[in-house]
Amino acid sequence: PNYKGKFGKDLLKINVKESKLCPRYMACRFSIEKIKDKEYIASFLNRIGHNSHGLLVDLTNYLLHELGQPLHVFDACKVNGSITVRKAHAGEKIVTLDGVERALDEGMLVITDDLKILAIAGVMGGASSAIGTDTKEVILEAANFDPTCVRVTAQKLGLRTDAVQRYEKSLDPYLVEQAVGRFFYLLDKCA
């Protein structure tokens, strides 16, 4: 459901056009006022061989290891209009978080706003909506994607990520809601 909070009439609108490939999609928009403790999560990630990328991204990586559910955060100020889950069109491209421009095959599942592709579903986010050190308005995404679709997309792109490794094993769709709750529980402790 849409929540009228601080953002007033600026509700987060979601349109899942491919419900068979994305049986569960949750997104929450929120703002960060002040980070109180970014070291607790970062130190855990460092102990298991991950670099810190700031509290918001660190929380998603922490929960990937704790619960096995991938999450993604977008800078809400870089998202234009509605979020849509759809298949890519022929000729579409995205620059992913690793800075590489990738040509997408028709039929690959993507997350878009009204103007651009935000992420390759279940594989990697895009650089155009990445969280930065100055990000204050955030969209948290938690979703369940079809394991075969994620695996085939990752293979075609030659892109193997921690998220791909989880999604291709067929996650429980109800884990999405648990991960969102846990994210906000931990965020409340740190920010």
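1. Helix 2 (residues 55-67) packs against helix 5 (residues 175-190) at an angle of about 135 degrees, and their axes lie 10 Å apart. That angle makes helix 2 oblique to helix 5, and the crossing of the two is right-handed. Oblique is what remains once angles under 35 degrees (roughly parallel), over 145 (roughly antiparallel) and 65 to 115 (roughly perpendicular) are set aside.

2. The model is predicted, so local features need pLDDT of at least 70 and side-chain atom pairs count only at pLDDT 80 or more, while totals for chains, interfaces and linings use all residues. Residues are numbered from 1 along each chain as its sequence is written, and side-chain values use heavy atoms, with hydrogens and water left out.

3. In the contact (heavy atoms within 4.5 Å), helix 2 contributes Leu55, Leu56, Leu59, Thr60, Tyr62, Leu63, Glu66 and Leu67, which meet Leu175, Gln178, Ala179, Arg182, Phe183, Leu186, Leu187 and Cys190 of helix 5. By class, this contact of helix 2 with helix 5 has 12 nonpolar, 2 polar and 2 charged residues.

4. The largest pocket holds about 720 Å³ of space, and of the 31 residues that line it, Asn61, Leu71, His72, Leu97 and Gly125 lie nearest its centre. Among the elements that give two or more residues to this lining are strand 3 (71-75), strand 10 (137-144) and helix 4 (162-167). Helix 2 gives the most, with 4 residues. By class, the lining has 19 nonpolar, 9 polar and 3 charged residues.

Methods:
Axes are lines fitted to C-alpha atoms, for helices over the stretch in contact, and angles run from 0 to 180 degrees between N-to-C directions. A crossing is left-handed if the near helix is turned anticlockwise from the far one by less than a right angle, and right-handed if clockwise. Ala, Val, Leu, Ile, Met, Phe, Trp, Tyr, Cys and Pro count as nonpolar, Asp, Glu, Lys and Arg as charged, and the others, Gly among them, as polar. On a 1 Å grid over the protein atoms alone, a cavity is a set of points where a 1.4 Å probe fits but cannot get out, and a pocket is an open set with protein on both sides within 12 Å along at least five of seven lines; lining residues have an atom within 4 Å of a point. Grid points are joined across faces, edges and corners, and a volume is the space filled by probe spheres set on the points.
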